Amino acid sequence: MPTLVLLRHAKAEPSATDDHSRILAPRGRADASAVHTWLQGRGINPDRVVVSTAQRARETWALAGPTDPEAVYDERVYEAGTQALREVIAETPDGVDTLLLVGHNPGMERLAWELDDSVRAREVTDRGLSTGAVAVFSVSGWADLTDARLEEVAVPRG
């Protein structure tokens, strides 16, 4: 089964001239590096990575991800609701086994709630996705996420 990984950007500085240009806070940089270690430890090597165009999401992936594959930066992921995120996921090409999406709340958190509404999953996702949280789902395919199953949620800290 394909794997969908949702990664909420790491902790950002509280303000900037505009929200889109906010950078990671020192804790966020450390946490993004911890995400890198966590992904490697789990053997999660995405075939495709789609990242919000916001600076904090870009920085998160630069520190958390491997050098391959090259990330796709998609402005639709910035401030996206669940429908927009589902559309981005549905565009994943055939042959991709693991898609990793780097985005923002509340969209990422709400998508995690929607993907698996089993009692076991809700016990975890009802707590929300804090900054730097990683949620791993097995899915039946990219266009139809109705059979998604939450495998793991982690919040690596640096």
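Throughout these legends, a residue is called buried when its relative accessible area is under 20%, exposed when that value is over 50%, and partly exposed in between, as judged with a 1.4 Å probe and with protein chains only. By this criterion, 51% of the 158 residues of the chain count as buried. The structure is a predicted model, in which local features need pLDDT of at least 70 and side-chain atom pairs count only at pLDDT 80 or more, whereas totals for chains, interfaces and linings use all residues. Residues are numbered from 1 along each chain as its sequence is written, and side-chain values use heavy atoms, with hydrogens and water left out.

View 1. The C-alpha trace spans about 40 × 30 × 30 Å along the principal axes of the chain.

**View 2. Strand β4 (residues 98-103), which is mostly covered.** Six of the six residues of β4 are buried, and the cover extends to both faces, with T98, L100 and V102 on one side and L99, L101 and G103 on the other. In a regular strand the side chains alternate between the two faces of the sheet.

**View 3. The strands that pair with β4, namely β1 and β2.** Two strands are said to pair if DSSP finds at least two bridges between them. Strand β1 (residues 3-8) runs parallel to β4 and is joined to it by six bridges, while β2 (residues 48-51) pairs with β4, also in the parallel sense, over four bridges. Residue V102 of β4 is the bridge partner of L7, and V51 likewise stands opposite V102.

**View 4. Helix α2 (residues 55-64) and its buried residues.** The buried residues of this helix are R56, A57, E59, T60, W61 and A64, and they pack against β1, α1 (26-42), β2 and β4, where contact means heavy atoms within 4.5 Å. An α-helix has 3.6 residues a turn, so residues three or four places apart point the same way.

Conventions:
Helix = DSSP H or I, 4+ residues; strand = E, 2+ residues; numbered from the N terminus.
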